[in-house]
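Here is a short note to read alongside the structure. Take the points in order, with the model open beside you.

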Amino acid sequence: RKHAAMRDDQFSCFRATFYRWVQHWDALAGHDALAPLAAGRAVLAVGDLHVENFGTWRDAEGRLAWGVNDVDEAWPLPWAFDLVRLQASAVLAAEVGHLTLEPGDAARALLAGYADGLDAGGRPFVLAERHAPLHRMATARLHEPHAFWEALGALPSHDAMPDDVPR
């Protein structure tokens, strides 16, 4: 299914090929416009950041929080690495209709959000405390879980482990 999705559109391929982004980062970073960003100070980066790697979860206090929800490729990288990759994903997502922002608007929103996050000192993005519109958007789906359960029920079931799986 993953390979079929990768063939469907550029955004799906981009999401599934982070390793290729890393392989080409040096060439991208050598471009005049990106060179100063790529030479920047290393910070702990998400790595495989794209517009669909954000979501909600409950924090230790039970509050609904929002932010990056996929950090298995986190690594020290130039500070702009995640920003460049996130913007690239926004452009590709818009091209296939997954996002309705124009690239320039997405870039401005991304940079404004990044600056706001730095100004706030990295404070958690707790939805009920300061972000009521996003809280309503995030919880609207909770009232209609039918699509999730239908999709889950449609997955093939496996009654036993294959013989070649170590136990």
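1. Which helix gives the most to the lining of the largest pocket? Helix 6 does, with eight residues. Helices here are DSSP runs (H or I, at least four residues), numbered from the N terminus.

2. Before going on, a word on the model: it is predicted, so local features need pLDDT of at least 70 and side-chain atom pairs count only at pLDDT 80 or more, while totals for chains, interfaces and linings use all residues. Residues are numbered from 1 along each chain as its sequence is written, and side-chain values use heavy atoms, leaving out hydrogens and water.

3. Now the aromatic side chains. Phe-18 and Phe-81 form an edge-to-face pair, 6.3 Å centre to centre with 85° between the planes (ring centres within 6.5 Å make a pair; planes under 30 degrees apart are stacked, over 60 edge-to-face, the rest tilted; for Trp the six-membered ring is used). Phe-18 lies in helix 3 and Phe-81 in helix 5, so this pair ties together parts 63 residues apart in sequence.

4. Phe-18 is buried at 13%, and Phe-81 is buried at 2%.

5. Trp-21 and Trp-25 are also buried. Their ring centres are 6.4 Å apart and their planes at 35°, so the pair is tilted. These two tryptophans sit four residues apart in helix 3, separated by about one helical turn.

6. To finish, look at the cluster: ring pairs link Phe-14, Phe-18, Trp-21, Trp-25 and Phe-81.

Key: Buried < 20%, exposed > 50% of the residue type's maximum accessible area, 1.4 Å probe, protein only.
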